[in-house]
Amino acid sequence: MNDKEIFDRICRGDEKSLEFLYKKYYRMMTKLVITNSGTEEEARDIYQDALVVFWQKATSGNLVLTSKISTYIYSICQNLWRKELDRKKRLSREEKDVAVSQDMDSHERNKIVRNCIEQLGDTCKKVLMYYYFEEMSMQDIAERLGFANTDTAKTKKYKCKKKLDELIKAQYSEHDFLD
Amino acid sequence: MIDDKTIETLDAYLRNKLSGEDREAFERQLHADPALKQEYLFQKTMVDGIREARRTQLKTTLNNIPVPGGGWGSALTVKGITWLVVAGVTGTLVYYGLTRAVSKEIPANTPKVEQVQPAESAPATSEPQPEVTPEKAPAQSDVKAPAAKSSSNKNNSASSKEKANDEADQKEAKPNIQVFDPTTELSNEKEESTTGAPSEKLTTTEKASAPTFDVETNSDNKKYEFDYQFDQGKLILYGAFEKNLYEILEFFNGTKHTAFLYYKQNFYLLDEQNTKVTPLTPITDPDLLKKLKESREK
């Protein structure tokens, strides 16, 4: 498969193509981190993050590729690793206690949201993820998930979001997060 | 209570689907309406959570894919060992190549006047020297083993110097090196240690109206875009060679025979011993170029 074919498939949400890319460029991308004071685990993490960024941009139609796929992903890896190195440097300088206390509330809220998402059914999760992460159109979501038409997809999304909304608000009120 | 239309706009805002003006208008509305802002913060947390969940899901999928090589530690070891082996083979071939070049070519040098390459020219330029001469062998101490070099040629492709040495090397290691230096042939300079009359050589080194070997061009091979090889005595040129826009120059001296390709104002050595596909490297030695140009014009 050449670059163009792979990219087209990725834009259409073909996860197999993403897996293909992952294996193909694993060594190249992880080498960047490992040869710049990173461990293999960090390298793997950065590469996976970079691929997910690439995936999101491609599937949401926000990416016009003007270089090779590997070049683009490599530059994402570079940026992410640079940020991570800066973050580590900052953390080593700042008072860790202060940093932690400021994030407690938002950390708790995020945890609640994660738990509530897990309580949704598979189809609801997919609809919401494809809508908000891949930014797919209702038509694409309908085709992908086998809905009758776009109106069905729209209704499904509305109901799933409402359900999530209610789950979170219920948990928030328990934890006193609602004003 | 926030109306449905505003909720829709809020949703579009969270998905970055609002145009510049609409986005600014909505942000003003957010600023002015605390209840709307509260709802926005809540929806943002929810949407961020959905995105994070999808991100985690994709990462988990990738994490479960077995990666090639089984770890960097073993990959580095394998790579290191491979390079050590290549370096060892290269060193051995260089040693034998130099040894053979010196022992074999010194006796043959006397009758072969063309086998001259001024010692000063070889190291001075480090340019592609198609000729290999016995006197030059010591001078060209920087030459490396041809086989190993040709195999590592790709690694040094960025260096024209190395490529030049490769071409010289291939000739040097082979016992029947037929290459001669038209520079020395055509030059009347005293630095040449040739004993033959350059003019005599010149007359024999005319360009043949047709090459002594068949020439075939191949523009279909995507792997080779500007390379050549000799296959059973036939020259194959890989790349987009327009018809009638390239020339083959051959220089003869008794049994010795050297061929060059002239294409798009550059000269390229054609080593007939080369049965492997080899990149075409332009000749950069000024003296040699001058002589080739002169020969071509005649």
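Let's start in helix α3 of chain B, residues 34–63, where E52(B) and R55(B) sit 3 residues apart, about one turn of the helix. They form a salt bridge, with the closest N and O atoms 2.7 Å apart. Both partners are partly exposed: E52(B) has a relative accessibility of 35%, and R55(B) comes in at 30%. Please keep in mind, everyone, that this is a predicted model.

Over all chains, the structure holds 19 salt bridges. Over in chain A, K16(A) pairs with E19(A), and here the closest N and O atoms are 3.7 Å apart. These two are also 3 residues apart, in helix α2 of chain A, so about one helical turn separates them. K16(A) is exposed at 60%, whereas E19(A) is buried at 19% relative accessibility.

Now, which residue does K17(B) bridge to? That would be E135(A), with a closest N to O distance of 3.1 Å. K17(B) lies in the loop between α1 and α2 of chain B, and E135(A) in the loop between α7 and α8 of chain A, so this pair joins two chains. K17(B) is partly exposed at 42%, while E135(A) is buried at 11%. There is also a network of salt bridges linking E15(A), E134(A) and R54(B).

On to helix α8 of chain A, residues 138–145. Its buried residues are M138(A), I141(A) and A142(A). They span an arc of only 100 degrees around the axis, which puts them on the same side of α8(A). Just after that helix, G146(A) takes a positive phi of about 75 degrees.

Last stop, folks: a surface patch of negative charge, made up of E21(B), D22(B), E24(B) and E27(B). E24(B) belongs to helix α2 of chain B and is partly exposed at 45%.

Terms used. Residues are numbered from 1 along each chain as its sequence is written. Chains are lettered from A and ligands numbered from 1 in the order in which they are written. This is a predicted model: local features need pLDDT of at least 70, side-chain atom pairs count only at pLDDT 80 or more; totals for chains, interfaces and linings use all residues. Side-chain values use heavy atoms; hydrogens and water are left out. Buried means under 20% relative accessible area, exposed over 50%, partly exposed in between (1.4 Å probe, protein chains only). Helices (H or I, at least four residues) and strands (E, at least two) are DSSP runs, numbered from the N terminus. The arc is that of the directions from the helix axis to the C-beta atoms. Patches are made of residues with over 30% relative accessible area and no salt bridge: like charges are joined within 9 Å, nonpolar side chains (Val, Leu, Ile, Met, Phe, Trp, Tyr) within 5 Å. Accessible areas come from the Shrake-Rupley method with a 1.4 Å probe; for residues, only the protein chains shown count as cover. A salt bridge is a side-chain nitrogen of Lys or Arg within 4 Å of a carboxyl oxygen of Asp or Glu. Lys and Arg count as positive and Asp and Glu as negative; His and the chain ends are not counted. The place of a charge is taken as NZ of Lys, CZ of Arg, CG of Asp or CD of Glu.
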